[in-house]
Amino acid sequence: MLDSHRRSTSMSRLSDHVDWQYVFREYWHLYRFGSAGGNRVIRSHLKDVRNRLNAELEINPEVTFDQPNSLPVCAWLGRAMDQGLNERTAPLVRSLARVIDQLTWRYGYERMRKGLARKYAYAELMGPNGPVVSKKLILGLVLFAPRCTYPEHSHDGISESYICLSGSVSDSNYSVFTPGSLLFNPPKRAHRMTTGDFEPTLLAYAWTGDEDKLAHQKMDFSIKK
Ligand SMILES: [Fe+2]
């Protein structure tokens, strides 16, 4: 799924896409004014995301769209967005509503577990594969249906943060996060997510790491399929 057919377009730049510029402005705002909870490691991750985002915005990056699509979990997207507009992260949700029809939803795996295929998908906003092209930072959205379990996995060489925009998500067996909360996973940390019983969950994520690691994202599942 990662390398699905790319729509041929004439090349454009971020400055040609006003609604997308505001998505990244709101993203930046969350990573600038969101709390690190007094944690030094998380504070430095927030700063790293901001710095990488600033550097990309500075060069007015290339934009290349894949064919927009829908996967089964997108049936919950409307509700997730509606609920997200009631939360303190509403400015990002509102800006996303303007570009939501241009997103390409993916699974990220060639073979998906059946249950997960109906309840999960992600859409990249910025990264080596676009739509806004960056080698240094991956930003995107993950959408989960209610009662979804995303199996335990870790990321090699990638620091990952999620900001909850809608719904609720648990991190392994330790914590529950609601809109405005941030989950941080340093490289190699195994994590498993489950989502609330009744509402879908929408998360904004950021991945930082070396260019090589970002270009060849590899998920390590603790339990092999
Ligand atoms: Fe993860």
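**A helix and its surroundings**

Reply: Start at Arg 52, which lies in helix H2. Helices (H or I, at least four residues) and strands (E, at least two) are DSSP runs, numbered from the N terminus. The model is predicted: local features need pLDDT of at least 70, side-chain atom pairs need pLDDT 80 or more, and totals for chains, interfaces and linings use all residues. Residues are numbered from 1 along each chain as its sequence is written, and side-chain values use heavy atoms, without hydrogens or water.

Look past the neighbours of Arg 52 within four places in sequence. Arg 52 then touches Lys 136, Leu 137, Thr 208, Gly 209 and Leu 214 (contact: heavy atoms within 4.5 Å). Gly 37 sits 15 residues from Arg 52 along the chain, and their C-alpha atoms are 22 Å apart.

Now the partner helix. H2 covers residues 40-58, and H1 covers residues 18-33. Their axes come within 9 Å and cross at roughly 155 degrees. Axes are lines fitted to C-alpha atoms, for helices over the stretch in contact, with angles from 0 to 180 degrees between N-to-C directions. H1 and H2 are therefore roughly antiparallel (over 145 degrees; under 35 is roughly parallel, 65 to 115 roughly perpendicular, the rest oblique). The crossing of H1 past H2 is left-handed (the near helix is turned anticlockwise from the far one by less than a right angle; clockwise would be right-handed).

Which residues make the contact between H1 and H2? From H1 come Phe 24, Tyr 27, Trp 28, Tyr 31 and Arg 32. H2 supplies His 45, Leu 46, Val 49, Arg 50, Leu 53, Asn 54 and Leu 57. By class, this contact of H1 with H2 holds 8 nonpolar, 2 polar and 2 charged residues. Ala, Val, Leu, Ile, Met, Phe, Trp, Tyr, Cys and Pro count as nonpolar, Asp, Glu, Lys and Arg as charged, and the others, Gly among them, as polar.

H1 also packs against H4. Here the angle is about 165 degrees, with the axes 9 Å apart. H1 and H4 are therefore roughly antiparallel too. H1 passes H4 in a left-handed crossing. On the H1 side, the contact uses Tyr 22, Val 23, Glu 26, Tyr 27 and Leu 30. On the H4 side, it uses Pro 91, Leu 92, Ser 95 and Leu 96. The contact of H1 with H4 has 7 nonpolar, 1 polar and 1 charged residues.

H4 spans residues 90-97. Ala 90, Leu 92, Val 93, Ser 95 and Leu 96 are buried there (under 20% relative accessible area; exposed is over 50%, partly exposed in between; 1.4 Å probe, protein chains only). The buried residues of H4 pack against H1, helix H3 (77-84) and strands S4, S6, S8 (158-166) and S13 (201-209).

His 155 counts as buried because its relative accessibility is 3%. Glu 160 is buried as well, at 0%.

With neighbours within four places set aside, Ser 172 contacts Arg 189, Ala 190, His 191 and Arg 192. Ser 172 lies in the loop between strand S9 (169-171) and strand S10 (175-177). At 12% relative accessible area, Ser 172 is buried.

Last, the backbone. Most residues other than glycine have a negative phi, and most peptide bonds are trans. Lys 188 has a positive phi of about 80 degrees. Lys 188 lies in the loop between strand S11 (182-185) and strand S12 (191-195), and is exposed at 59%. Arg 147 also has a positive phi, about 55 degrees. Its loop joins strand S6 (138-144) and strand S7 (149-155). The peptide bond from Gly 130 to Pro 131 is cis, with omega near 0 degrees. Pro 131 lies in the loop between strand S4 (120-127) and strand S5 (132-133).
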